[in-house]
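Good morning, everyone, and thank you for making time for this.

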Amino acid sequence: MKIKSKVKRKNVLVKYWDLYLLLVPGVLFFIIFKYVPMWGIVIAFQDYSVFAGIQGSEWVGFKHFERMFQAEEFYRIFNNTLLISLYKLFWGFPAPIIVALMLNELRNLMYKRTIQTIIYMPHFLSWVIVGGIMMNLLGPSTGVVNSFIQFLGFEPIYFIANDSWFRTVLVTSDLWKSVGWGTILYLAALAGINPQLYEAATVDGANKWQQTWHITLPSLLPTIVILFILQMGNILEVGFEQVFILLNPLVYNVGDVFETYVYRVGVTQGQFSYTTAVGLFKSVVALILVVAANKIAKKLGQNGLW
């Protein structure tokens, strides 16, 4: 039986060699840029010196983790990162689903494609460009938004330098940039729904809302669950480029997150071991959340990642 199994696997490899060949670039990418760098995690347990290298640096155990949990700024940064991530999850996760459902109801193909193109476009703009757009729109003296606020008789608001508005700016700009692109997977899932289900529901007298609730959403649920589990792994990933471009000293208390903190302390100040410990803490939290979300999904009868 073992010999037959080996021969069968060999035949599959030979038969579909071209498809397996397509996997090679992706596999190499993850090996080179994801798995090999994991060796660098060891410096979180050392007083790493660039000149001594990993093998020559002094081993200090959990010293940097103790420093991390004793630092007051760590809890401020953790709170900022968690809040901004939850805001983005709360507004950003259902938004592509809603937009995809709305696009799916459009029957004019030309109009539908035009709308799709318009909402996809922001995804291809870099955060440098988006940051410039936000600064121009929200500027206190020349911004369009503040010009309208002044027209209504109110005082202008410096949104990007205001503690009360900075997180809103982050979430709103992220929504504008990512929602359109996020609809692609949901539109693909919607295209795979059997049209006969809708025809049968129409015959039974179901209206559009009932069809959406009893056919469309249950059909989308496996995709929603998988993407939600993956999103849980990014719960402490706010996005370095976006925050770095929009952040300024006036809003550090509400906008400074793990990514900008690691850059500022690790890269500019050379505290590599300490910031590696911070990064390892983030990774462990992300792993726990993904495993927990996967188990909960399975207990609820859905397919998990594994």
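Let me begin with the residues that line the largest pocket, which divide into 14 nonpolar, eight polar and four charged. Please keep in mind throughout that what you see here is a predicted model.

How much space lies in this largest pocket? The value is about 870 Å³, and of the 26 residues in the lining, those closest to the centre of the pocket are Gly92, Asp174, Ser178, Gln231 and Asn234. If you follow the lining by element, two or more residues come from each of helix H5 (72-92), helix H10 (166-191), helix H12 (208-232) and helix H13 (240-246), and it is H10 that gives the most, with nine residues.

We can now turn to the second largest pocket, where about 720 Å³ of space lies. This pocket is lined by 18 residues, and the closest to its centre are Phe33, Lys34, Pro37, Met38 and Ser283. At least two lining residues are supplied by each of helix H2 (17-35), helix H15 (258-267) and helix H16 (272-299), with H16 giving the most, namely six residues. By class, this second lining has 10 nonpolar, five polar and three charged residues.

Two packed helices are described by the angle between their axes and the distance between the axes.

Take H5 and H6, which pack at an angle of about 15°, with their axes 5 Å apart. Angles under 35 degrees count as roughly parallel, and H5 and H6 are therefore roughly parallel to each other. Their contact is made by Leu89, Phe90, Trp91 and Gly92 of H5 together with Pro94, Ala95 and Pro96 of H6, and by class it has six nonpolar residues, one polar residue and no charged ones.

How do helix H6 (residues 94-104) and helix H7 (residues 109-120) pack? Their angle is about 160°, with the axes 10 Å apart, and, given that angles over 145 degrees count as roughly antiparallel, H6 and H7 are therefore roughly antiparallel to each other. The crossing of these two helices is right-handed. On the H6 side, Val99, Leu103 and Asn104 meet Lys112, Ile115, Gln116 and Ile119 of H7, a contact with four nonpolar, two polar and one charged residues.

Notes:
Residues numbered from 1 in each chain as written. Predicted model: local features only at pLDDT ≥ 70, side-chain atom pairs only at ≥ 80, totals over all residues. Heavy atoms only, no water. Axes fitted to C-alpha atoms, helices over the stretch in contact; angles between N-to-C directions. Helix = DSSP H or I, 4+ residues; strand = E, 2+ residues; numbered from the N terminus. Parallel < 35°, antiparallel > 145°, perpendicular 65-115°, else oblique. Left-handed = near helix turned anticlockwise from the far one by under 90°. Contact = heavy atoms within 4.5 Å. Nonpolar A, V, L, I, M, F, W, Y, C, P; charged D, E, K, R; others polar. 1 Å grid on protein atoms, 1.4 Å probe; cavity = no way out; pocket = protein on both sides within 12 Å on 5 of 7 lines; lining within 4 Å. Points joined across faces, edges and corners; volume = space filled by probe spheres on them.
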